[in-house]
Amino acid sequence: MIIDSHLHLGYLSGFYNYDATYTALINMMESLDIGYAISSSLYSLDYGDMEKGYLMDIEAYEASKGRILSYYVYNPHEAEKSLSLMEKYANRDIFRGIKIHPSWHGHFADDEKYRPVYEYARAKKLVILSHTWTESLTNPVQKFSVPSHFEKYVSEFPDVTLILGHSGGRFEGINEAIKLGRKYPNVCFDVAGDIYIDGFVETLILNASAEKVLFGSDYPMMDPRIMLGVVMGSGISEEDKEKILCGNASRLFGIGVGREA
């Protein structure tokens with residue numbers, strides 16, 4: 001079984017998606033033997049309508065018979081509202097973690113406005129997944145999400161697991177992410193996105209740990225078959241591939257421990 005721990009429901013401006021409905025997601029999961037998926041709704045994350053996004057998450061969970069799980073979204077511009085909605089939709093069978101996106105929300109990852117979400121995650125024992133990437137001249141907004149900015153909170157909240165989405169994205173960011181992961185036990189990585197660096201997965205395993213890496217696709221912006229091929233075609237052991245594709249996410253998110261059918 002495969003668990004996709006980083007994907008989305010809904011449409012994103014700038015990307016042409018043939019079909020970003022939960023029906024299309026379920027069909028994709030069936031075709032690729034993906035047993036569970038964990039989504040952060042683009043309505044919550046990009047368009048700012050968190051409540052609409054959560055209602056869609058619930059609909060997807062029910063339609064998939066519990067196979068499409070979700071992240072809450074924390075927006076530092078609306079911190080109080082974000083936390084209030086997490087309490088309103090406090091179904092832990094559906095919502096297994098919290099997604100943050102410093103680049104889209106325009107706040108550095110070490111900004112004090114993120115302290116409430118780490119406090120909430122600690123209190124509720126929820127994993128945080130954050131977008132991370134590498135700043136460049138062509139993508140300057142990524143300055144908010146470079147991996148080094150996350151050290152403040154991973155050091156202050158050692159009991160909160162933080163997944164560095166995209167593992168820093170590009171060469172410099174990946175190296176930063178690895179340094180953070182080696183230093184802090186509560187830092188993990190995922191392989192979601194268009195990360196086509198030769199030896200990417202092998203480098204994460206060699207320099208960090210197979211227990212810290214999760215499979216993610218960034219669907220529907222990205223085709224899940226690409227990163228599945230990167231993991232399955234890598235030079236790591238079959239045991240480590242199983243950890244990345246299923247075991248680590250199962251452990252972190254409590255998937256397959258009695259709450260699912």
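This is a predicted model: local features need pLDDT of at least 70, side-chain atom pairs count only at pLDDT 80 or more; totals for chains, interfaces and linings use all residues.
Leaving aside residues up to four places away in sequence, Val191 touches Phe200, Val201, Leu204, Val213, Leu214, Phe215, Gly216, Met227 and Val231.

Now widen the selection to the largest nonpolar core. This core holds 80 residues. Val191 is among those with the most contacts inside it, along with Tyr54, Ile98, Tyr118, Ile128, Phe215 and Phe253. Color helix 11, residues 238–253, next: helix 11 gives the most to this core, with six residues. In soluble globular proteins, nonpolar side chains tend to be buried together.

Move to helix 3 (residues 50–63) and helix 4 (residues 79–88). Their axes lie 11 Å apart, and the packing angle is about 25°. Angles under 35 degrees count as roughly parallel, so helix 3 and helix 4 are roughly parallel to each other. Their crossing is right-handed. Show side chains here. Helix 3 brings Met50, Glu51 and Tyr54 to the contact, and helix 4 brings Lys81, Ser82, Leu85, Met86 and Lys88. By class, that contact has four nonpolar, one polar and three charged residues.

Which way does helix 4 run relative to helix 6, roughly parallel or roughly antiparallel? The two axes come within 10 Å and cross at roughly 20°, which makes helix 4 roughly parallel to helix 6. This crossing, too, is right-handed. Select Leu83, Met86 and Glu87 in helix 4; they meet Pro116, Tyr120 and Lys124 in helix 6. Four nonpolar and two charged residues make up this contact, with no polar ones.

Methods: Residues are numbered from 1 along each chain as its sequence is written. Side-chain values use heavy atoms; hydrogens and water are left out. A nonpolar core is a set of buried Ala, Val, Leu, Ile, Met, Phe, Trp, Tyr and Cys residues joined through side-chain atoms within 4.5 Å. Buried means under 20% relative accessible area, exposed over 50%, partly exposed in between (1.4 Å probe, protein chains only). Helices (H or I, at least four residues) and strands (E, at least two) are DSSP runs, numbered from the N terminus. Contact means heavy atoms within 4.5 Å. Axes are lines fitted to C-alpha atoms, for helices over the stretch in contact, and angles run from 0 to 180 degrees between N-to-C directions. Angles under 35 degrees count as roughly parallel, over 145 as roughly antiparallel, 65 to 115 as roughly perpendicular and the rest as oblique. A crossing is left-handed if the near helix is turned anticlockwise from the far one by less than a right angle, and right-handed if clockwise. Ala, Val, Leu, Ile, Met, Phe, Trp, Tyr, Cys and Pro count as nonpolar, Asp, Glu, Lys and Arg as charged, and the others, Gly among them, as polar.
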